[in-house]
Amino acid sequence: MKLESIKNKGRILAILQYLYKNTDEDNTVTTNELIEILSQAGYTANRKTIKDDIDIIVEAGFDVITVKSSSNSFFFGDRTFELPELKLLVDAVCSSKFISTSKSEQLIQKLSTLTSSNLSSQLIQRIYTKDRIKSTNGQLYYVIDKVTDAIQSGRKIQFRYTEYAADKEKVLRNDGECYINSPYALLWNEDYYYMIGYSEKRKKVITFRVDRMVEVEMLNENAFPEPEDFHVVDFIRKVFEMFDGEEETVTLECENTLMKVIIDRFGEEVDTERISQDKFRAKVLISTSRTFYGWVFQFGGQIKIVGPDKVKKEYIDMARAAIE
């Protein structure tokens, strides 16, 4: 009796595994086909045992759908991830510059196991990593793991930081200086992963590209407490949206077609006023910097800085320096 019970449990598990891996709404399996599949796997089954096993699987909370007919057919219904969701994740992995080509392909292969084998082929066909700009840091997962552990443990980390020499050779910054940092957060921004943390040497919160960090180790020292005036959301807006600089309320004159650009950058609550049939003005709080001026310049005059005069002058001086 005990042996028979073990066989029954093994048969139920075999059915569940087959349904999950091989079936979906467009690819069902009939009762007779399941009997044959189980027979090849060494299990004895008939129409009644198949029905009873499917009932047990459904009672356990798995969404197995029965299609009624002379020979009932079955398929695995709702999964943790629907196919469109998996496609979105695969596209994100493909386009992520901070994940190396080999790691991207490994991760996509794992994502493909979250749906049926028939649908997973659609995901594998979406792998386009060979010709994309990708990180060459094969230790990315290790670095992320170390930084995450340090954040959760409230400890400092030390690491070295890489950059590129004029001949495109990867070298250690500052002759291999060992950086010590108190990490506060990890952030994915515009295809790169960043660590946000406090540098006691520079007496401020700064960022580092995770894919350029090497030889990362967690120290047996408590992290520097977050400064009272530090807020992650505010820091991200200043540093990652327009980078560090003096905070100013700037008035921009924009063509109407660029309202979507202003909202995408500053949010729907941005202060705007229509000034003509073709233009509007926007007042935005930003950190004046080269990054902000470069952002304005890309629109070729469709966005103009109206004021204050100091900001206009800085923008003009930067544009002049680029051609002189």
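Visitor: Hi! What kind of model is this, and how are residues numbered?

Guide: It is a predicted model, in which local features need pLDDT of at least 70, side-chain atom pairs count only at pLDDT 80 or more, and totals for chains, interfaces and linings use all residues. Residues are numbered from 1 along each chain as its sequence is written, and side-chain values use heavy atoms, with hydrogens and water left out.

Visitor: Great. How many helices and strands are there?

Guide: The protein has 11 helices and 13 strands. Both are DSSP runs numbered from the N terminus: helices are H or I with at least four residues, strands are E with at least two.

Visitor: And how much of the protein is buried?

Guide: Of its 324 residues, 36% count as buried. Here buried means under 20% relative accessible area, exposed means over 50%, and partly exposed is in between, with a 1.4 Å probe and protein chains only.

Visitor: What about the accessible surface of the protein?

Guide: That comes to about 19600 Å², and carbon and sulfur atoms hold 50% of it. The areas come from the Shrake-Rupley method with a 1.4 Å probe; for residues, only the protein chains shown count as cover.

Visitor: Which share of the contacts is between residues 24 or more positions apart?

Guide: Among contacts with a separation of 6 or more, 64% are between residues 24 or more positions apart. A contact means heavy atoms within 4.5 Å.

Visitor: Let's zoom in. Is strand β7 enclosed or open?

Guide: Strand β7 covers residues 192-199, and eight of its eight residues are buried, so it is largely enclosed by the rest of the structure.

Visitor: Which strands does β7 pair with?

Guide: Strand β6 (residues 179-189) is joined to β7 by seven bridges, and the two run antiparallel. Strands β7 and β8 also run antiparallel, joined by six bridges. Two strands pair if DSSP finds at least two bridges between them.

Visitor: What sits between β7 and β8?

Guide: There is a loop there, and Lys203 lies in it. The hairpin of β7 and β8 has four residues between the strands. Phi of Lys203 is near 60 degrees, which is positive in a residue other than glycine. At 62% relative accessibility, Lys203 counts as exposed.

Visitor: Which other residue has a positive phi although it is not a glycine?

Guide: Asn174 does, with a phi of about 50 degrees. Its place is the loop between β5 (170-172) and β6, and with 46% relative accessibility Asn174 is partly exposed.

Visitor: Where is there a cis peptide bond?

Guide: Look at Gly307 and Pro308, which are joined by one with omega of about 0 degrees. Pro308 is in the loop between β13 (303-307) and α11.

Visitor: Back to β8. Is Arg209 buried or exposed?

Guide: Arg209, in strand β8 (residues 204-209), counts as buried because its relative accessibility is 13%. Leaving aside neighbours within four places in sequence, Arg209 is in contact with Tyr161, Tyr192, Tyr193 and Tyr194.

Visitor: New topic: how many salt bridges are there?

Guide: A search of the whole structure finds 14. The criterion is a side-chain nitrogen of Lys or Arg within 4 Å of a carboxyl oxygen of Asp or Glu.

Visitor: What does Lys156 pair with?

Guide: Lys156 forms a salt bridge with Glu221, and their closest N and O atoms are 3.4 Å apart. This pair links distant parts of the chain, since Lys156 is in strand β4 (residues 155-164) and Glu221 is in strand β9 (residues 213-222), 65 residues apart. Lys156 is buried at 10% relative accessible area, while Glu221 is partly exposed at 40%.

Visitor: Which residues form a network with Lys156?

Guide: Lys156, Glu200 and Glu221 are linked in a network of salt bridges.

Visitor: And what does Arg160 meet?

Guide: The side chain of Arg160 meets that of Glu215 in a salt bridge, at 2.7 Å from N to O. Arg160 is in strand β4 and Glu215 in strand β9, 55 residues apart.
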